[in-house]
Amino acid sequence: MPNVKLSKSFGFVFAGLVALVWLVPVVMMLAVSFMPPNQRAPKFGGLLINGVSLDNYRTVFSDAPILRHLVNSLIIACSSVLLVVLFGSLAGYAFARLRIRWKETWFFLLISALMLPIPTMVVPLFQVNKTLGLLDNYLGLILPYAAFGTPLALIIFRSFFEGLPLEVEEAAKVDGCSKLGIYWRIVMPISWPAIAAVVIFQFMASFNEFVLALVTIDRNELKPMTLVPLMYSGQFMARPGVMFATLALITIPVLVIYVLMQRYLTRGMIAGAVKG
């Protein structure tokens with residue numbers, strides 16, 4: 001018993017230290033965002049500031065059409081989420097339930113795209129978008145984001161579908177329901193844990209992406225929120241308070257999505273890990 005209590009205490013301490021490591025940058029960001037504009041050098045990286053001011057947030061809303069940039073980010077992120085959920089769930093159901101020749105080989109080839117981060121593919125993606133006329137176009141970001149997000153969605157959906165009992169699907173098949181009908185009418189309505197996990201990961205990835213957006217979107221009216229901080233940083237102009245206020249605003253939509261769907265996240269991630 002003492003060893004068990006000691007292990008639990010060590011686990012709580014370790015979890016607290018990990019949480020502290022993750023929280024310190026967030027606290028620094030918020031502190032600098034509320035820093036008075038005339039204060040140029042925050043102490044201890046922003047943990048200590050002299051006074052609190054909302055002027056940085058007022059500057060963000062007055063200097064840049066921040067709401068327009070937010071709408072741009074939401075259009076891009078939500079569109080990529082819809083595509084990933086649709087194609088990831090269809091592919092996941094096919095790999096979980098259908099007989100496919102060389103199924104595991106195809107599955108490995110599809111998920112191997114996880115080893116290709118977006119920054120390493122910026123140059124070829126830029127050339128493809130240029131050839132297809134997708135520069136300064138939402139589709140120039142939506143389609144690559146969806147392509148890079150589908151492999152992870154495929155893994156989550158396949159694992160979840162393989163953990164579902166077959167009895168309900170077999171009963172529907174006896175009643176004359178097609179495979180597509182079973183997928184749409186029976187499987188998807190009970191797949192909220194997997195859908196929530198995919199939505200959270202894909203929304204975070206596409207909403208926070210920076211490098212591809214930087215080389216794809218040049219028109220100010222189409223720029224997502226991740227490009228707005230560039231307005232307040234540079235060799236000859238540095239406004240850390242305004243820049244960090246923008247970064248704080250960028251985190252709000254991701255935080256809202258996570259809070260709304262986090263209760264399904266754990267179930268979606270562990271689905272299919274243990275099968276009876």
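Select Arg-97 to begin: at 16% relative accessibility, this residue counts as buried. The cut-off for buried is under 20% relative accessible area. Keep in mind during the tour that the model is predicted.

**Stop 1: Arg-97 and its partner**

Arg-97 and Glu-169 form a salt bridge, and their closest N and O atoms are 3.1 Å apart. Arg-97 belongs to helix H3 and Glu-169 to helix H7 (residues 167-174), so the pair ties together parts that are 72 residues apart in sequence. Is Glu-169 buried or exposed? Glu-169 has 7% relative accessibility and counts as buried. Side chains of opposite charge can pair when their charged atoms come close.

**Stop 2: the whole chain**

Zoom out and switch to a cartoon view. The protein has eleven helices and zero strands. Of the 276 residues in the protein, 38% are buried. How many salt bridges does the whole structure hold? A search finds five.

**Stop 3: helix H2**

Select residues 55-63, which make up helix H2. Its buried residues are Asn-56, Tyr-57, Thr-59 and Val-60. Look down the axis of H2: these buried residues fall within an arc of 155°, so they line one face of the helix. Turn to the face directed away from the buried side, and you find the exposed residues Arg-58 and Ser-62.

Asp-55 and Arg-58 are three residues apart in helix H2, a separation of about one helical turn. Asp-55 is partly exposed, with a relative accessible area of 31%, while Arg-58 counts as exposed at 53% relative accessibility.

**Stop 4: Arg-158**

Select Arg-158 and Glu-104 next. Their salt bridge has its closest N and O atoms 2.7 Å apart. Arg-158 is in helix H6 (residues 139-162) and Glu-104 is in helix H4, so the pair ties together parts that are 54 residues apart in sequence. Arg-158 is buried, with a relative accessible area of 9%. Glu-104, at 46% relative accessibility, counts as partly exposed.

Which ring does Arg-158 lie over? Show Phe-107: Arg-158 lies over its face, at 4.4 Å from the ring centre.

**Stop 5: aromatic rings**

A pair of aromatic rings is described by the distance of the centres and the angle of the planes. The structure holds eight aromatic pairs. In the pair of Phe-95 and Phe-107, the ring centres are 5.5 Å apart and the planes stand at 65°, so the pair is edge-to-face. Phe-95 lies in helix H3 and Phe-107 in helix H4, so this pair ties together parts that are twelve residues apart in sequence. Phe-95 is buried, with a relative accessible area of 6%, and Phe-107 is buried too, with 12%.

Then select Tyr-93, Phe-157, Phe-160, Phe-161, Tyr-183 and Trp-184. These residues form one aromatic cluster.

**Stop 6: a nonpolar patch on the surface**

Switch to a surface view and colour Leu-98, Ile-100, Trp-102, Trp-106, Phe-108 and Leu-109. Together they form a nonpolar patch with about 640 Å² of accessible area. Where does Ile-100 lie? Ile-100 is in the loop between helix H3 (66-97) and helix H4 (103-111). Its relative accessible area is 32%, and Ile-100 is partly exposed.

The charged end of Arg-101 sits over the ring of Trp-102, 4.8 Å from the ring centre.

**Stop 7: Met-231**

Finish at Met-231, in the loop between helix H10 (211-216) and helix H11 (240-270). Met-231 counts as partly exposed, at 37% relative accessibility. Select the C-alpha atoms of Met-231 and Val-242: the two residues are eleven residues apart along the chain, and these atoms are separated by 9.5 Å.

Technical notes
Residues numbered from 1 in each chain as written. Predicted model: local features only at pLDDT ≥ 70, side-chain atom pairs only at ≥ 80, totals over all residues. Heavy atoms only, no water. Buried < 20%, exposed > 50% of the residue type's maximum accessible area, 1.4 Å probe, protein only. Helix = DSSP H or I, 4+ residues; strand = E, 2+ residues; numbered from the N terminus. Arc of directions from axis to C-beta. Patch = residues over 30% accessible without salt bridge, like charges linked within 9 Å, V, L, I, M, F, W, Y side chains within 5 Å. Areas by Shrake-Rupley, 256 points an atom, 1.4 Å probe, with all protein chains shown as cover. Salt bridge = Lys/Arg side-chain N within 4 Å of Asp/Glu carboxyl O. Phe/Tyr/Trp six-rings, centres within 6.5 Å; stacked < 30°, edge-to-face > 60°. Lys NZ or Arg CZ within 6 Å of the ring centre and 35° of its normal.
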